[in-house]
Amino acid sequence: MAGSREVVAMDCEMVGLGPLRESGLARCSLVNVYGAVLYDKFIRPEGEITDYRTRVSGVTPQHMVGATPFAVARLEVPFPFSPTAAEL
């Protein structure tokens, strides 16, 4: 995925964190223009999950058992419009 400039679509599922149930990323999915899956992982957000929002998100506690930590996922999915060092 790194260095690619193809068109992608992103879908994210969110859960509630802490006493105020602030949104935290729990799943990130990316597909290309042809519908091929480029990335699809459950992501363990930073903070305590207090509302899985399962009815809407489909996310359950079981999905978080092997989920990728948010800090790792950030590095796996670079922002698509950020220039790389080679492009600067």
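Colleague: How do strand 2 and strand 3 pair, and over how many bridges?

Modeller: Strand 2 (residues 22-32) and strand 3 (residues 37-44) are antiparallel, with five bridges. Strands here are DSSP runs of E, at least two residues, and helices are runs of H or I, at least four; both are numbered from the N terminus. Strands count as paired if DSSP finds at least two bridges between them.

Colleague: Which residue is the bridge partner of L30?

Modeller: Y39, in strand 3.

Colleague: What sits between the two strands?

Modeller: Four residues, making a hairpin. G35 in the turn has a positive phi of about 90 degrees. V33 also lies in that loop.

Colleague: Is V33 buried or exposed?

Modeller: V33 is exposed, at 56% relative accessible area. Buried means under 20%, exposed over 50%, partly exposed in between (1.4 Å probe, protein chains only).

Colleague: Where does strand 5 come in?

Modeller: Strand 5 (residues 68-69) pairs with strand 3 in the parallel sense, over two bridges. There, T68 is the bridge partner of I43.

Colleague: New topic. What is the average pLDDT?

Modeller: It averages 86, and 82% of the residues score at least 70. pLDDT is the predictor's confidence in each residue, from 0 to 100. This is a predicted model: local features need pLDDT of at least 70, side-chain atom pairs 80 or more, while totals for chains, interfaces and linings use all residues. Residues are numbered from 1 along each chain as its sequence is written, and side-chain values use heavy atoms, without hydrogens and water.
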